[in-house]
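Look at the sequence and the structure together. The text below goes through a pocket and then an interface.

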Amino acid sequence: MSAITPYLLCEDVAAQIDFLQRAFGLEEVLRYAGDDGIVSHAEMRLGDGTIYLGAPGGGYANPAHLGAATVLVGMTVEDVDAVCERARAAGAQITEEPADQDYGERRFAARDPEGHEWFVSMPLGELEPQDWGATTPG
Amino acid sequence: MSNSQTITPLLAYEDIEAAHDFLVAAFGFAPGRLDRDGDGHVVHGEVESGNGSIWLHRISDEHALAPPGPGGTAGGGIVVTVDDVDAHHERARAAGARIDSPPTDQFYGRREYGARDPEGHRWWVGTPIS
């Protein structure tokens, strides 16, 4: 069976590493720079999840310049509202404020300086009977 | 997304159902859910890998999310790690994946090939070199 890792292309990988640490608390696992000192590949981690960042070089234009993202990364966190405030303070563009979704998650959406979009969510706990108007004996 | 999956990639597709079927046939992912609206049109899909799912997302103006299109510029893609990259490559090619680069030993310790799916998303599939 295969394993998957999202790969986000960036114009400035070193700046993206710094941003993702400050905004979302991702941890740097490794970075690779060529002889010119430009970081062309990096790996970051959140819990058991990993993402790769890469600079394709050449005539690459990031989503901010293209006007559309093709890949979006979803992240599951414990406190979605706290992460949203952290991301906002770090300069992320919040494109959707935290809100309960009807499929059982609370989620916000943010755009990073490279134009990549992120969905950050946490599962909503199971409802207690009192939460929806039911009563229990005693 | 399951509770244990902290990172989930989402790819935008114009035809989610066709993309789902292609990813299962060409890349060997397990089929996942296909959610339909009242008209039977698929609005959300998933395929499953060994370490979690990939969400197949509708084109979304509010999130500026769109597929690259054939030959278009992708903002990223998915790296896939498999047991036998050469067999995987043959299967993908036979299923109609566009091969950007054939399986090649890379200096970073992987034998890897590059491919694109019908909507232009990029895939890098590799096996660690032992």
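Ala, Val, Leu, Ile, Met, Phe, Trp, Tyr, Cys and Pro count here as nonpolar, Asp, Glu, Lys and Arg as charged, and the others, Gly among them, as polar. This is a predicted model, in which local features need pLDDT of at least 70 and side-chain atom pairs count only at pLDDT 80 or more, while totals for chains, interfaces and linings use all residues. Residues are numbered from 1 along each chain as its sequence is written, chains are lettered from A in the order in which they are written, and side-chain values use heavy atoms, without hydrogens and water.

Start with the largest pocket. On a 1 Å grid over the protein atoms alone, a pocket is an open set of points where a 1.4 Å probe fits, with protein on both sides within 12 Å along at least five of seven lines; lining residues have an atom within 4 Å of a point. The lining of the largest pocket has 26 residues, and nearest its centre lie Tyr7(A), His41(A), Tyr108(B), Glu112(B) and Trp124(B). By class, this lining holds 13 nonpolar, eight polar and five charged residues.

Now turn to the interface. Counting heavy atoms within 4.5 Å as contact, 41 residues of chain B are in contact with 42 residues of chain A. A salt bridge would need a side-chain nitrogen of Lys or Arg within 4 Å of a carboxyl oxygen of Asp or Glu; across the interface of chain B and chain A there are zero. The side of chain B that touches chain A has 21 nonpolar, 17 polar and three charged residues. The area buried between the two chains (accessible area, 1.4 Å probe, lost on putting them together, summed over both) is about 3200 Å², and carbon and sulfur atoms give 60% of this area.
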